[in-house]
Amino acid sequence: MALNQKNQDLKQNTGRSGAQTDAPVQLTKEEMRQKIRASLAARNEAEQAAQQKSEPVPAYAAASSGKGGSASATSLNPANMNKARQIRESMESQRSASSGSAAKHSQLQSSPKRPTPPPPSVSFRPAGVRPAARRDPVSLKKIFLIVGIVLILILALFYFGGMAFYSGKYLPNTIVNGINVSGMTRDEAEATVVASADDMGVTFVTKDGEKITFNGASFGCESSVPDDAFDQIEESHAVWFSKLFTTSEYVVTLDQTYSEDDLASLIAAYDWGNIPPTDASIEEDENGNFYIQKEDDGNMVDTEVLSDYTLEQVRNGATTIDMVSSGCYMKAAVTAASLQDVLSLYEQYGTVEITFDMTNREELFDPVGTVVLDHETYMDWITFDDDGTLSLDKEAAAQWVQENIADPYDTFCSDGYTRTFDSTADGPVQVTLTPTSTYGWRTDVEATADMIEQYLRDGESITTEPEWVQAGFRPHTSDGTVFEEGTYIEIDISEQHLWFYVNGELYLDTDVVTGLASDPSRITNTGIFKIRAKYRDVVLGTYEVQGYEAPVSYWMPIDHTGIGLHDLYRSAYGGDIYLTNGSHGCINLPLDMAAKIYEKTVIGMPVVIVD
């Protein structure tokens, strides 16, 4: 009753003023115990009263209650007492734990009074079964929040630490002239790039990927950085983190001093390769079939092209030279692709050969031989008109005729042509052709080129002669006379003598009188001539033009100026007569000798006059 009264007083004091509602109330341990006991007792009484109202009291229960029965209303049954004891022990345990620290006890005294919590409910579960663990959702949120804050702090520390580290330095993955300058100051980067340029010099990359370096010192290379060269390398340090995943490359043009002559000399002297290019070609296999042999570019370098390209690139700050881009590698002039159409022509015309035969000649005076024009040569000259008619590159064909037939085989040539002749009196001598020389062979180059075109259109192999402007002496003459090697007439001016050889044997010889040596207009010219014609009983000269007339029985002109062999009566022949009483340029013969020569000679026969 005393405790209840005290609690009522406390409630009244608490309810008097709103300002005192939260004021702390200081209780002793004993007062706290009494308060708890009173609260439990009041609770038990309330429960019993409720039970009595809801259930009739058995007779045996009323009898056992004593005289007035009030003791049953105020006394605790064993179950309630057990519950009260458990609650009391729990509360005492909590108070004992809280009283262990003086600071905590002081805090309890200063904290506002809180209502007494209700006793914990007692639940019953089977033996051996543990309650499921529960996690407070508020605690999980706190954990996630704490972890997030820690991560943010770490990232912030990393980010601002990186900004501090790269302050005044180049960001990660910054490449200048192929050099990584990340984390360097501008001065450090410039020094590194300059040192690398001086040391590296110029590197050549071959078409096979090989790298060949000429050290800068070998051509006097010294480098420096222009004042504004690195101005372009400016990036915001606020985004330094993103530069960890990207690369920025810059090319800085350096001021360089070096010897271009020394560099060009190094390029010219270096052994870049020794395999020359080989053109693609049409080849013939053992079965007579044609195929294309692919070209091979080899590995040789035009050092002049490479040198010009290198100097231009180095002037622009380059230190690596792509040799393929320079176009310095020599290439085959003819590729396999360009021969596809030619292959078709080979299959159609490749078996045609034109053989030029120059063997039917007087070999003593003329070179002899044969020349074959085959598909390897003329295929490059062939084209086809719109109507499919074969056409020939006449200029190319004429050039081939000139080089392969005219030059080596023509003997009727311009003034100054010299040949060796085995003379009767003096042995081998040099005979120089003069403008009046008439003997020899001369090719008609243009007509021969036309002939080649026609033979190719016919599509058949043939052996023939070139077309001639002038033909020399043939041992087998057109009139049926057959001569062997060594048929000609030789006249020696110094000896004033004539020899006539037939088939290599001396047929006759005789003294003669040649042109007046003291008069240049009447001398007999040296050279190689031919019997141009044969006449009987003619008068040479006229009084109106030559100032004389000379009837002769045998006349055999040898050039186009009126010089020839003829009979002329004289008291003597040979010796020194020609020095004071020579002819007007002709070769004067005794009548009997003139008759024999006239009888044996044929038109075109060589006449050699030596000095």
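Me: In which sense do strand E25 (residues 550-557) and E26 pair?

Reply: This is a predicted model. Three bridges link strand E25 (residues 550-557) to E26. One of the facing pairs is Met-556 with its bridge partner Leu-565 in E26. The sense of the E25 and E26 pairing is antiparallel.

Me: Which residue takes a positive phi in the hairpin of E25 and E26?

Reply: The hairpin of E25 and E26 has six residues between the strands. Among them a positive phi near 100° is found, and the residue that takes this phi is Gly-562.

Me: Which residue of strand E27 (residues 587-589) stands opposite His-566?

Reply: E26 also pairs with strand E27 (residues 587-589), in the parallel sense and over three bridges. Opposite His-566, the residue in E27 is Asn-588.

Me: What is the order of the three strands in the open sheet with mixed pairing?

Reply: The edge strands, each of which pairs on one side only, are strand E2 (179-180) and strand E6 (248-250). Strand E1 (residues 174-176) runs parallel to E6, joined by three bridges, and Thr-174 stands opposite Ser-248 in E6. The order in this open sheet is E2-E1-E6.

Me: How many residues lie between E8 and E9 in their hairpin?

Reply: Strand E8 (residues 281-284) and strand E9 (residues 290-293) are antiparallel and share four bridges, with Tyr-291 in E9 as the bridge partner of Glu-283. In the turn, Gly-288 has a positive phi of about 85°. The number of residues between E8 and E9 is five.

Me: Why does Ser-281 count as partly exposed?

Reply: Ser-281 has its place in strand E8. Beyond its neighbours within four places in sequence, Ser-281 is in contact with Tyr-291, Ile-292, Gln-293 and Leu-339. Its C-alpha atom is separated by 5.7 Å from that of Ile-292, eleven residues apart along the chain. Ser-281 counts as partly exposed because its relative accessible area is 21%.

Me: What is the area of the nonpolar surface patch that includes Leu-140?

Reply: Leu-140 lies in helix H7 (residues 137-165) and is partly exposed, because its relative accessibility is 34%. The patch is made by Leu-140 together with Ile-143, Phe-144, Ile-146, Val-147, Val-150, Leu-151 and Ile-154. Its area is about 760 Å².

Me: How many disulfides does the structure hold?

Reply: Cys-328 counts as buried because its relative accessibility is 1%. Cys-586 is also buried, with a relative accessible area of 9%. As for disulfides, the number in the structure is zero.

Me: What percentage of contacts in the protein chain between residues at least 6 apart in sequence joins residues at least 24 apart?

Reply: The protein chain has 17 helices and 28 strands, and 35% of its 611 residues are buried. The chain exposes about 36200 Å², of which carbon and sulfur atoms supply 51%. Among contacts between residues at least 6 apart in sequence, the share that joins residues at least 24 apart is 65%.

Conventions. Residues are numbered from 1 along each chain as its sequence is written. This is a predicted model: local features need pLDDT of at least 70, side-chain atom pairs count only at pLDDT 80 or more; totals for chains, interfaces and linings use all residues. Side-chain values use heavy atoms; hydrogens and water are left out. Helices (H or I, at least four residues) and strands (E, at least two) are DSSP runs, numbered from the N terminus. Buried means under 20% relative accessible area, exposed over 50%, partly exposed in between (1.4 Å probe, protein chains only). Contact means heavy atoms within 4.5 Å. Accessible areas come from the Shrake-Rupley method with a 1.4 Å probe; for residues, only the protein chains shown count as cover. Two strands pair if DSSP finds at least two bridges between them. Patches are made of residues with over 30% relative accessible area and no salt bridge: like charges are joined within 9 Å, nonpolar side chains (Val, Leu, Ile, Met, Phe, Trp, Tyr) within 5 Å. A salt bridge is a side-chain nitrogen of Lys or Arg within 4 Å of a carboxyl oxygen of Asp or Glu. A disulfide is a pair of cysteine sulfur atoms within 2.5 Å.
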